[in-house]
Amino acid sequence: MALTDDEIRAATVGDLTEHNATIELAEYDPEWPRLFQREATRIRAALGSKAAQVEHVGSTSVPGLAAKPLIDIILVVADSSDEDAYVPELESAGYTLRIREPDWYEHRLFKGPDTNVNVHTFSEGCEEIGRMLAFRDWLRTHDDDRDLYLNTKRELAAREWRHVQNYADAKSAVVQEINARAQSR
């Protein structure tokens, strides 16, 4: 379901900058897993045992898949809505809270200090974590669906988007289709 401009604005912490351009896709870079490891180490150092799980997800986690050159990370904490329990430590490590979505699994999104990252933060037990990991794992082992996803991304990336979130929302149908196959096996 596509977010409206008002919903995007409401979820954004700080200034909302319009994209108004196409989406840059880069060919798979074998450096991406190393960048993830560096960020995971920094997050774990900042949070200690509060970081219940740190996972590399998104297109940069799938070898051979072109992607926006941005590392997507899942961070699992006890309760993502309890910002006092973990946000100060992440901010001290250089991360910036940019998205707060209480109506979508209490999702929080942080940007990194020196690497282009999205740290998607969820509470332990959140069902979205399993979906994101299943999608990643499925694309790693199913060339046909990886190609379907890649072709969809390339077609959509060539269009101009007011917000990057609009591009992400436009991919939802193919993501749901692939996720249905991943969840059924």
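The model is predicted: local features need pLDDT of at least 70, side-chain atom pairs count only at pLDDT 80 or more, and totals for chains, interfaces and linings use all residues. Residues are numbered from 1 along each chain as its sequence is written, and side-chain values use heavy atoms, with hydrogens and water left out.

**Overall dimensions and surface**

The C-alpha trace spans about 40 × 35 × 30 Å along its principal axes. The radius of gyration is 16 Å, which agrees with the value near 16 Å for a compact globule of 185 residues; the radius is taken over C-alpha atoms, and the globule rule is 2.2 Å times the number of residues to the power 0.38. Of the 185 residues, 42% are buried. Here buried means under 20% relative accessible area, exposed over 50%, and partly exposed in between (1.4 Å probe, protein chains only).

The accessible surface comes to about 9,300 Å², and carbon and sulfur atoms account for 48% of this area; the areas come from the Shrake-Rupley method with a 1.4 Å probe, and for residues only the protein chains shown count as cover. Among contacts (heavy atoms within 4.5 Å) between residues at least 6 apart in sequence, 66% join residues at least 24 apart.

There are 22 positive and 34 negative side chains, and the centres of the two sets lie 4 Å apart. Lys and Arg count as positive and Asp and Glu as negative, while His and the chain ends are not counted; each charge is placed at NZ of Lys, CZ of Arg, CG of Asp or CD of Glu.

**Selected residues**

| Residue | Relative accessible area | Class |
|---|---|---|
| H107 | 3% | buried |
| E39 | 0% | buried |
| N20 | 40% | partly exposed |
| E106 | 25% | partly exposed |

H107 belongs to strand β4 (residues 107-111). Its side chain makes a polar contact with the side chain of H120 at 3.0 Å; a polar contact is a pair of N or O atoms within 3.5 Å, of which, within protein, one must be able to donate a hydrogen and the other to accept it, and residues adjacent in sequence count only if both atoms are side-chain atoms. Leaving out residues up to four places away in sequence, H107 touches I99, R100, E101, H120, T121 and F122.

E39, in helix α2, has a side-chain polar contact with the side chain of R42, also at 3.0 Å. Beyond four places in sequence, E39 touches I73, Y95, P113, D114, T115 and V117.

L25 is located in the loop between α1 (5-11) and α2 (32-47). Apart from neighbours within four places in sequence, L25 is in contact with A67, K68, K153, R154, A157 and Y167.

**Backbone with positive phi**

N20, in the loop between α1 and α2, has a positive phi of about 50° although it is not a glycine. E106, in the loop between β3 (96-101) and β4, likewise has a positive phi, near 55°. Most residues other than glycine have a negative phi.

Key: Helix = DSSP H or I, 4+ residues; strand = E, 2+ residues; numbered from the N terminus.
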